Amino acid sequence: MSHAKKHDDRDYIVARQEQYVKTYRKGNTDELMKWMHPEDFIYSDFGGKRENMKHSEVKDSFHMAFNDFYDLKIKTLSLHGHKHFTAWEWEITCKPAKDENGNRLKKEDALPKKLLGCTLQWWDEDDKIVKNHDYVQHREP
């Protein structure tokens, strides 16, 4: 007999996160930003040492991620929480499109990279993210 209980919000948060990831995979910054609350919003990327970012900084960060990497793939490893708070564990694999000096690399010359992270997200009643904390580690691909 399993001791794990299915949380009342489980199906809801899984479906919502699947839609968020689907939007992320499209690589469209404007579409992804629609998930963020337009005013009551704060975003921190602790792995990147960027805290308390507002919309314009986050939009720039997503734009850079979508344009500075080849083969950017994200998958969910686990998701826990309820309608207003989720802890989402994920893995990203990609190839940097630029070297350490900022020079553009050809896709075939770029070395694979793997990131393992956990994102804590606080959600409002309209399924907009009001607070986001990213914790990321670089791993061997």
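**Figure 1. Salt bridges in the predicted model.** A search of the whole structure, which is a predicted model, finds ten salt bridges. Side chains of opposite charge can pair when their charged atoms come close.

**Figure 2. Arg16 and Asp127 form a salt bridge.** The side chains of Arg16 and Asp127 meet with a distance of 2.9 Å from N to O. Arg16 belongs to helix H1 (residues 10-26), whereas Asp127 is in the loop between E5 and strand E6 (129-139). The pair links distant parts of the chain, 111 residues apart. Both Arg16 and Asp127 are buried.

**Figure 3. Asp68 and Lys98 form a salt bridge.** The closest N and O atoms of Asp68 and Lys98 are 3.8 Å apart. Asp68 is in the loop between helix H3 (55-67) and E3, and Lys98 is in the loop between E4 and E5, so that distant parts of the chain, 30 residues apart, are linked by the pair. Asp68 counts as buried because its relative accessibility is 15%, under the limit of 20%. Lys98, with a relative accessible area of 36%, is partly exposed. A network of salt bridges links Asp68, Lys98 and Arg104.

**Figure 4. Lys83 and Glu125 form a salt bridge.** Between Lys83 and Glu125, the closest N and O atoms are 3.8 Å apart. Because Lys83 lies in the loop between E3 and E4 and Glu125 in the loop between E5 and E6, the pair ties together parts that are 42 residues apart in sequence. Lys83 is partly exposed, at a relative accessible area of 21%, whereas Glu125 counts as exposed at 54% relative accessibility.

**Figure 5. Strand E4 pairs with E3 and with E5.** Strand E4 (residues 85-96) and E3 pair in the antiparallel sense over eleven bridges. E3 and E4 form a hairpin, with two residues between them. Leu79 stands opposite Trp88 in E4. The pairing of E4 with strand E5 (residues 113-123) is also antiparallel and runs over ten bridges. Here the bridge partner of Trp90 is Gly117 in E5.

**Figure 6. Lys49 and Asp71 have positive phi angles.** Lys49 is not a glycine, yet its phi is positive, at about 55°. Lys49 is found in the loop between strand E1 (42-45) and strand E2 (50-53), and it counts as exposed at 73% relative accessibility. Asp71, likewise not a glycine, has a positive phi of about 50°. Asp71 lies in strand E3 (residues 69-82) and is partly exposed, with a relative accessible area of 33%.

Note on methods. Residues are numbered from 1 along each chain as its sequence is written. This is a predicted model: local features need pLDDT of at least 70, side-chain atom pairs count only at pLDDT 80 or more; totals for chains, interfaces and linings use all residues. Side-chain values use heavy atoms; hydrogens and water are left out. Helices (H or I, at least four residues) and strands (E, at least two) are DSSP runs, numbered from the N terminus. Buried means under 20% relative accessible area, exposed over 50%, partly exposed in between (1.4 Å probe, protein chains only). Two strands pair if DSSP finds at least two bridges between them. A salt bridge is a side-chain nitrogen of Lys or Arg within 4 Å of a carboxyl oxygen of Asp or Glu.
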